[in-house]
Amino acid sequence: MPGTSVASFHLVRERPGRAVQALARLGTDRRSLRSIDGLIFWRLLGTGRGRDTGLGMDPLRTAVFAVWEDDVALDDFLCASPIARRWADAAEAYSVRLRSLGGHGTWRGYDVVDALAPAHAGPGPVAVMTRATVHLRRWRGFVCAGHQVSAEVRDAPGLLAVVGTGEAPVGRQATFSLWRDITDARSFAYSAPQHVDAIRRTRLDGWYGEQLFARFRPYGSVGTWDGVDPLGGAGGDG
């Protein structure tokens, strides 16, 4: 039976000179997030530079993926949490609300797809989250393939925005992307040569200990990502 929760993705860029504080909060914010009412699941994430989803790091930019009991819990967090108030003073911050369009896998044992309220199928923008725990013995091959896929996705038709993220510098990697529609997202996933080859090698060589692939319907956004709202007011109604 489908869940009733909603998800959100938050991308925050700190002001120049605050890299140390940004990275420290990947640790110190954990205690605060554990005590937030209505927050079911969350992960604090470092990010790569720009649209590069390969191995790399932007010390001024961090992200959060979260699952909430409902929109009220998310509203309360955005209005009252000291973390969200701090984001308002950052150089840039972007938040997008998400309902499920399906997928498979888990994130540290948590079934994100089953937990979420389903979105209405139909036309409109799509968000995609990929996440994996990479076996260390497969790390080198994963990194090499990742650089090739990163170059490919940056120019993919229909891509609105993409960021590489990670829970750790090695072994726990993810991406979050926004697409014009499901057709464009699927076309990249199943037609882009480097990405198709990476999927083949993933299965053949057993790169991952755990994997998540999830699609979402964005239904509300606030703030900017690299100076604009990638959805441009085009988020669906869920």
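**Entry 1: the cores**

I looked up the largest nonpolar core, which has 27 residues, and found that F9, F65, L98, M129, F176 and F216 touch the most other members. I note here that the model is predicted. In soluble globular proteins, nonpolar side chains tend to be buried together.

I then took L98 and listed its contacts, leaving out neighbours within four places in sequence. L98 is in contact with V6, A7, S8 and F9, with F65, A127 and F176, and with F216, R217, P218 and Y219. I also found another core lying apart from the largest one; this other core has 19 residues, including L33, W42, A66 and A73.

**Entry 2: aromatic rings**

I searched the whole structure for aromatic pairs and got 11. A pair of aromatic rings is described by the distance of the centres and the angle of the planes. F65 belongs to strand β3 (residues 61-68), while W107 belongs to the loop between β4 (92-105) and α4 (112-115). The two are 42 residues apart, and the pair links distant parts of the chain. Are F65 and W107 buried or exposed? I find both F65 and W107 buried.

One aromatic cluster takes in F41, F65, W107, Y110 and F216. I also checked a charge over a ring: the charged end of R99 sits over the ring of Y219, at 3.9 Å from the ring centre.

**Entry 3: two helices**

Two packed helices are described by the angle between their axes and the distance between the axes. I looked up helix α6 (residues 182-191) and helix α7 (residues 193-205): their axes come within 6 Å and cross at roughly 65°. Which residues make the contact? On the α6 side I list F188, A189, Y190 and S191, and on the α7 side P193, H195, V196 and I199. Sorted by class, this contact of α6 with α7 has six nonpolar residues, two polar ones and no charged ones.

I stayed in helix α6 for A185. A185 counts as buried because its relative accessibility is 9%, and the cut-off is under 20%. Leaving out residues up to four places away in sequence, A185 touches V128 and W179.

I looked up T62 in strand β3. T62 is buried, with a relative accessible area of 13%. Beyond its neighbours within four places in sequence, T62 is in contact with H10, L11, V12, A22, L26, L45 and T47.

Next was Y94 in strand β4. Y94 is buried too, with a relative accessible area of 1%. Not counting residues up to four places away in sequence, Y94 touches a list of residues that includes F9, H10, L11, L178, T224, W225 and D229. How far apart in space are Y94 and T224? Their C-alpha atoms are 5.0 Å apart, although 130 residues separate them in sequence.

**Entry 4: positive phi**

I noted R108, which is not a glycine but has a positive phi of about 50°. R108 lies in the loop between β4 and α4, and is partly exposed, with a relative accessible area of 40%.

I noted D226 as well: its phi is positive, about 55°, and D226 is not a glycine. D226 is found in the segment after β8 (208-223). At 46% relative accessibility, D226 counts as partly exposed.

Methods:
Residues numbered from 1 in each chain as written. Predicted model: local features only at pLDDT ≥ 70, side-chain atom pairs only at ≥ 80, totals over all residues. Heavy atoms only, no water. Axes fitted to C-alpha atoms, helices over the stretch in contact; angles between N-to-C directions. Helix = DSSP H or I, 4+ residues; strand = E, 2+ residues; numbered from the N terminus. Contact = heavy atoms within 4.5 Å. Nonpolar A, V, L, I, M, F, W, Y, C, P; charged D, E, K, R; others polar. Phe/Tyr/Trp six-rings, centres within 6.5 Å; stacked < 30°, edge-to-face > 60°. Buried < 20%, exposed > 50% of the residue type's maximum accessible area, 1.4 Å probe, protein only. Lys NZ or Arg CZ within 6 Å of the ring centre and 35° of its normal. Core = buried A, V, L, I, M, F, W, Y, C linked by side-chain atoms within 4.5 Å.
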